[in-house]
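Please open the model in your viewer and keep the selection panel at hand.

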Amino acid sequence: MSMRAQRRREFLATLGAGAVVGLAGCASMRGLEADGTAEASSSGEEAGVAGETLTLTTTTSTYDTGLLDELNAPFGAMYGVTVDAVAQGTGAALETARAGDSDVVMVHARSLEDEFMQNGYGVNRRDLMFNDFVIVGPRADPAGIEGMESATEAFAAVADSGATFFSRGDNSGTYTKELALWDAATIDPGGEWYLETGQGMGSVLTMATQQDGYTLADRGTYLSMKADIDLTILVQGPIEGGPELLSNPYGVIAVNPAVHDTVNYDLAMAYIGYLTSPAAQKTIENYEVNGEQLFYPEALSADPNFQQYVPDGWRPSGSED
Amino acid sequence: MAALTSTLPLLLEFPFETLYVTSIIRVSLYVSIIAVVVSTLVSLPVAFVMGFTEFRGKQFFTSVINTGMGFPSVVVGLLVLLLLSNQGPLGGLDLVFTKEAMIMSQFVLATPPITAISLASITSVETRVRDAGHVLGGTKIDVALLTLKEARNGIATAILAGFGRAISEIGSVLIVGGNIAGADGVSRTRTLTTAIRLEARQGRYDTAIVLGAVLIVLVLVVNGIVIRLGGQEGLR
């Protein structure tokens, strides 16, 4: 009995120690956070936003390429704030913003952005940067699309050959573009060869590698993962002289504070201002993975521009028809 | 697989920023421990009341709790998100993408196993103790205290089982937490499970496996404790 009690006591002591370690971890984490805030408020009192948090919902491509950390670290330091970046995919990022659960979105599907703006959820959209989409596939290229000048013809050739095509199938910017391409090729994709994965770009590239399939990828994610996958670019995007249809522009949009009064609009606008500043645009231009530039800045132009961003087909109310 | 053979040296090199990994482990432990503590505070009284009283619908209530043990975490995450979203009933608390939201969803996940296993151990002890206690002429309170004492190993097992469920789930913390790490490499709502998914998404299976090993060690420690405990009193 005393032996057992002894062992139990030991056990409880272990448990207690575990709890102490765990709680100490929490306490020091609290400490870290407190320190961070203290520092921020002492260095950035004039900013008036110090210590606040900006919630950014964005696409997996900006996050997975590592660009976002590169951009957000200086912004956080500049204003003494933290940026909570949630990588979701364009559709989900806009949906989260629509619910008022994020302050700013950075996405890449103009049609979805237009809808978001038209419905009044977003304000002050700015063009941020661009890269392009590429059609990638196995080196053997069973559908014979290598070097095609037309993305729609390439898609048609893949569909005809019955070679496996991996689709994001996830309401992302890339998926939106893919559907637009099938539409332009007047093909209704489906059947054995067409696989909707519902996964992020990285997963899809990995799956396509393992199963010798084709897919549509943004150049940034493709380049940043090139070392880990065995796919080659078969149809280039406009950056390398390919069709304009494969362009991939990124925009940044503040959530409308008149719709959701809980959003941090001031900080969202500060963030948009920062992203479109010469310094951040330079960061985008200089950002390289494996020696290759992933994104091209698009926010700055010396040409006069008197017009805010207007979604396609928008007419001011009162001028219907 | 190449990823597997290249993992062993990686385990020795540990290809991560120390701060990144320790902050992820801290978030994982912080969220799961608090969720389990709160969950225990709720579960034990429920288990005691159910173990000591007879009431109509007890059978039904028990089966509801048992069903809860298998409740899919991704559904819990979705429901908590809808609850906490700016448009939801608790939107004013502004808790989406925070550790508190993750604690809430893990609380929901950990409570059924803790309640069910505690109840099972209390019930099994009670039968024996009630007989012995009554034979020896003890009062109702004596019997209750004796039960608590006898069931404490089973209750500890229940708490650890809840912890195991909490720390190893990904579905809900990914949805309500958002897998956020700062640009400074410090995790805010990124746990071991969501970090593993992120690495796998980017095709970095080797680093994903290293993080997986860390998680497995944590869970093994917990399970080791459970097994040691089970060896003494057993789970009935």
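This is a predicted model: local features need pLDDT of at least 70, side-chain atom pairs count only at pLDDT 80 or more; totals for chains, interfaces and linings use all residues.

Residues are numbered from 1 along each chain as its sequence is written, chains are lettered from A and ligands numbered from 1 in the order in which they are written, and side-chain values use heavy atoms, with hydrogens and water left out.

**Chain A**

Select chain A and colour it by secondary structure. Chain A has 11 helices and 12 strands; these are DSSP runs numbered from the N terminus, with helices being H or I of at least four residues and strands E of at least two. Of its 321 residues, 50% count as buried, where buried is under 20% relative accessible area, exposed over 50% and partly exposed in between, with a 1.4 Å probe and protein chains only. Among contacts in chain A with a separation of 6 or more, 73% join residues 24 or more positions apart; a contact means heavy atoms within 4.5 Å.

**The cores**

Next, select Phe75(A), Leu205(A), Tyr222(A) and Tyr271(A), the residues with the most contacts inside the largest nonpolar core, which has 70 residues. Such a core is a set of buried Ala, Val, Leu, Ile, Met, Phe, Trp, Tyr and Cys residues joined through side-chain atoms within 4.5 Å. Helix H10 (residues 265–275) of chain A brings the largest share of this core, 7 residues. The core lies between domain 1 (49–131 + 249–297) and domain 2 (132–246) of chain A, because both give residues to it; the domain bounds come from an automatic or database domain assignment.

Centre on Leu205(A). Neighbours within four places in sequence aside, Leu205(A) is in contact with Val136(A), Thr215(A), Ala217(A), Thr221(A), Tyr222(A), Met225(A), Ile229(A) and Leu231(A). Another core, of 22 residues, lies apart from the largest one and includes Ile135(A), Ile145(A), Trp182(A) and Trp193(A).

**A pocket lined by both chains**

Now select Ala87(A), Gln88(A), Ala92(A), Leu174(B) and Arg197(B), which lie nearest the centre of the second largest pocket among its 39 lining residues. On a 1 Å grid over the protein atoms alone, a pocket is an open set of points with protein on both sides within 12 Å along at least five of seven lines, a cavity is a set where a 1.4 Å probe fits but cannot get out, and lining residues have an atom within 4 Å of a point. The volume of this pocket is about 870 Å³, counted as the space filled by probe spheres set on the points, which are joined across faces, edges and corners. Its lining divides into 17 nonpolar, 15 polar and 7 charged residues. Here Ala, Val, Leu, Ile, Met, Phe, Trp, Tyr, Cys and Pro count as nonpolar, Asp, Glu, Lys and Arg as charged, and the others, Gly among them, as polar.

**A cavity in chain B**

The second largest cavity holds about 40 Å³ of space. Select Ser28(B), Gln106(B), Glu169(B) and Thr193(B), which are among its lining residues. H3(B) gives the most to this lining, with 3 residues.

**Two positive phi angles**

Finish with Asn124(A), in strand S4 (residues 122–137) of chain A, where phi is near 55°. Asp94(B), in the loop between helix H5 (73–84) and helix H6 (99–135) of chain B, also has a positive phi, of about 55°.
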